[in-house]
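The structure is shown first and the description follows.

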Amino acid sequence: GGLEKRLKIFQELRKNNRVIFLDSGDFLSSRQGDADKNKKVIDKYNELKYDVIGLGDQEFLSGDEFVVDMIKNSNLPVIINNIQYCDSEMCRPISNPYIIKQIEKYKIGILSTLLKKCFSVFFPKKMIDNIKIIDTEEALKPDIKILKEKNADLIILLSHCGLEEDIVLANLKPFGRSRLYTTKQEQDLSNAVQNVNPEKDL
């Protein structure tokens, strides 16, 4: 299958220690409640050993509790900066908002965000009853500030928002002169990584 081929490609690419492996979400089944298949995918993703994984709306088609359990009990390096899980007492972030990777002398800050509009009127609301989605701009600004304070040389946003929204996010004032790359889900893989503000040099 596709994941087996990807594993072989990753093994070859890992011979270059300057490579990082990122996924911006929608890696689980697009069929509602397909938990058995998703568990197999999670096992395979553990083998793939991504550096960072974001979340898309498809991950929630098995329910918000499934996603929370996946983040808690798997070894997947999942991050999302604008989703909280709410119980009767309070709302809590479901994961870390960012990860910093050191590649040689460079510090790379990686964020992940998901646009609320991804959960359209057709999305089964019972699957996300317990989550709160914070506005992407509101959630990103403090995290960008933290990454800059930690002297990140490069900021990568694993965006599940679409190019139009990515351009808006890239022009947020807190980014300053940090270079922002966004990755998004695309059928055309040549467009899967976008440098949306190339004039902002390191």
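Lys44 is buried at a relative accessible area of 14%, where buried means under 20%, exposed over 50% and partly exposed in between (1.4 Å probe, protein chains only). The model is predicted, so local features need pLDDT of at least 70 and side-chain atom pairs count only at pLDDT 80 or more, while totals for chains, interfaces and linings use all residues. Residues are numbered from 1 along each chain as its sequence is written, and side-chain values use heavy atoms, with hydrogens and water left out.

**Salt bridges**

A salt bridge is taken as a side-chain nitrogen of Lys or Arg within 4 Å of a carboxyl oxygen of Asp or Glu. The count under this rule is 6 salt bridges.

| Pair | N to O distance |
|---|---|
| Glu4 and Lys44 | 2.5 Å |
| Glu12 and Lys15 | 3.0 Å |
| Lys44 and Glu47 | 3.4 Å |

Helices (H or I, at least four residues) and strands (E, at least two) are DSSP runs, numbered from the N terminus. Lys44 and Glu47 are 3 residues apart in helix H2, a separation of about one helical turn. A network of salt bridges links Glu4, Lys44 and Glu47. Glu4 is partly exposed at 38% relative accessibility, and Glu47 is partly exposed at 41%.

**Aromatic pairs**

Rings of Phe, Tyr and Trp (its six-membered ring) pair if their centres lie within 6.5 Å; planes under 30 degrees apart count as stacked, over 60 as edge-to-face and the rest as tilted. This rule gives 6 aromatic pairs. One of them is the tilted pair of Phe10 and Phe21, at 4.4 Å centre to centre with 40 degrees between the planes. Phe10 lies in helix H1 and Phe21 in the loop between H1 and strand S1 (22-23), so the pair ties together parts that are 11 residues apart in sequence. Phe10 is buried at 9% relative accessibility, and Phe21 is buried at 6%. For Phe60 and Phe119 the ring centres are 5.6 Å apart and the planes stand at 80 degrees, so this pair is edge-to-face. Both Phe60 and Phe119 are buried.

One aromatic cluster is formed by Phe10, Phe21, Phe27, Tyr45 and Tyr50. Arg14 lies over the face of Phe21, 4.3 Å from the ring centre; the rule asks for NZ of Lys or CZ of Arg within 6 Å of the ring centre and within 35 degrees of the ring normal.

**Strands**

Strand S6 (residues 106-114) has 7 of its 9 residues buried, so it is largely enclosed by the rest of the structure. Two strands pair if DSSP finds at least two bridges between them. Strand S5 (residues 98-103) pairs with S6 in the antiparallel sense over 6 bridges, and Tyr106 in S6 is the bridge partner of Ile103. The hairpin of S5 and S6 has 2 residues between the strands, and Glu104 there takes a positive phi near 55 degrees. S6 also pairs with strand S8 (residues 154-160), in the parallel sense over 7 bridges. Here Leu154 in S8 is the bridge partner of Ile108.
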